[in-house]
Amino acid sequence: MLVEGLALGQNVELVGMGAFPGDATDLSALAGTLETGTPFNQLGGFSAIEYTGEGNRYLVLSDRGPGDGAASFPCRFHEIELQLNLESRQLIPQLLKTTLLRSSQDELLSGALCAVNEFGNDGHSLALDGEGLRLLNDRTLLISEEYGPSISVFGQDGRRLK
């Protein structure tokens, strides 16, 4: 991590910037468009990032999707790799994997506000507005969300465990 070992009073310096293209797609294999006309597999709208502890790999959590909760955006997280070119001061992101978030009964979780009152077979809401992400030592994920508000534990396969 870049800030590890940073001494108190030491200056922090921006060493590079990067971005995914605005029309980038993810690796979910979803086809078609949402109610907003946005492709189901559009990449972006990240609300959290977490270092995996492995090389330059990070997990990023997509927010509830386009339209501020107006679309039935299937919730997901992504694994990315960030390569830093110090000479050009560029951060080069590469998408490695997309994982859809599901209930414990394998039902897709949705960013749609109207899904707050829809409950899956496990008794939990099928709505999720992901805001925070932490990778635990056992490789499960803690995801906090605004609709509940709540914190859920997910497996690396995207299934809610508790």
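Tutor: Two strands pair if DSSP finds at least two bridges between them. Keep in mind that this model is predicted.

Student: Which residue in E4 is the bridge partner of Glu79?

Tutor: Lys97 in E4 is the bridge partner of Glu79.

Student: How many bridges join strand E3 to E4?

Tutor: Strand E3 covers residues 76–85, and ten bridges join E3 to E4. The two run antiparallel.

Student: What is the order of strands in the open sheet of four?

Tutor: The order is E1-E2-E3-E4, and the pairing is antiparallel.

Student: Which strands stand at the edges there, each with a single partner strand?

Tutor: Strand E1 (46–51) and strand E4 (90–100) do. Each has a single partner strand, so one side of each lacks a neighbour in the sheet. From one strand to the next, the twist averages 30°.

Student: Now the other sheet. What is the order in the open sheet of three strands?

Tutor: Read it as E5-E6-E7, again with antiparallel pairing.

Student: Why is one side of E5 and of E7 left without a neighbour in the sheet?

Tutor: Strand E5 (130–135) and strand E7 (150–154) stand at the edges. Each has a single partner strand, so one side is left without a neighbour in the sheet. Here the twist averages 25° from one strand to the next.

Student: How many bridges pair E5 with strand E6?

Tutor: Five bridges, in the antiparallel sense. Strand E6 holds residues 141–145.

Methods:
Residues are numbered from 1 along each chain as its sequence is written. This is a predicted model: local features need pLDDT of at least 70, side-chain atom pairs count only at pLDDT 80 or more; totals for chains, interfaces and linings use all residues. Side-chain values use heavy atoms; hydrogens and water are left out. Axes are lines fitted to C-alpha atoms, for helices over the stretch in contact, and angles run from 0 to 180 degrees between N-to-C directions.
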